[in-house]
Amino acid sequence: MAIFELEPMKHHVLICNGGTCMRHEGEEVTQAIRDEIRKQNADAYIHTTRTRCNGRCHDASVVIVYPQGDWYGQMTAAAGTQLVQKLVEGEKLETHLFHECVGKSRPE
């Protein structure tokens with residue numbers, strides 16, 4: 001999925017394709033997210049990138065959504081589909097959300 005115009009982009013979805021996540025449905029999660037983006041005609045405002053290990057192997061399979069900074073764990077293909085539906089609706093997939101970066105204060 002190439003993205004040429006960045007102005008309409010609202011979400012950048014980083015999908016872990018590290019070894020542990022790949023053993024925990026990483027490929028299926030990747031395809032489900034990308035398929036649902038196409039189904040929802042959301043290509044212009046939801047962009048995906050496969051990443052290497054994100055360092056949270058015990059939460060595999062991991063998906064991170066920016067600019068919100070939301071980290072989702074134990075993702076499955078079905079959860080990937082639900083995540084895209086939630087993003088389209090302007091919501092979060094609370095059942096898999098384990099960390100939120102945006103709005104959190106930094107340690108001093």
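Q: What makes the crossing of α2 and α3 right-handed?
A: A crossing is right-handed if the near helix is turned clockwise from the far one by less than a right angle, and left-handed if anticlockwise. The crossing of α2 and α3 is right-handed, and the two axes, which are lines fitted to C-alpha atoms over the stretch in contact, with angles from 0 to 180 degrees between N-to-C directions, cross at roughly 30° and come within 8 Å. This is a predicted model, in which local features need pLDDT of at least 70 and side-chain atom pairs pLDDT 80 or more, while totals for chains, interfaces and linings use all residues. Residues are numbered from 1 along each chain as its sequence is written, and side-chain values use heavy atoms, without hydrogens and water.

Q: Which residues of α3 does E36 contact, leaving aside its neighbours within four places in sequence?
A: Contact means heavy atoms within 4.5 Å, and E36, found in helix α2, is in contact with T81, V84 and Q85, which are among the α3 residues that meet α2.

Q: Why does E36 have no salt bridge?
A: A salt bridge needs a side-chain nitrogen of Lys or Arg within 4 Å of a carboxyl oxygen of Asp or Glu; the nearest side chain of opposite charge, K39, is 4.2 Å away, so E36 has none.

Q: What makes β2 and β5 the edge strands?
A: The open sheet of 5 strands has the order β2-β1-β3-β4-β5, and two strands pair if DSSP finds at least two bridges between them. Strands β2 and β5 each pair on one side only.

Terms used:
Helices (H or I, at least four residues) and strands (E, at least two) are DSSP runs, numbered from the N terminus. Buried means under 20% relative accessible area, exposed over 50%, partly exposed in between (1.4 Å probe, protein chains only). Lys and Arg count as positive and Asp and Glu as negative; His and the chain ends are not counted.
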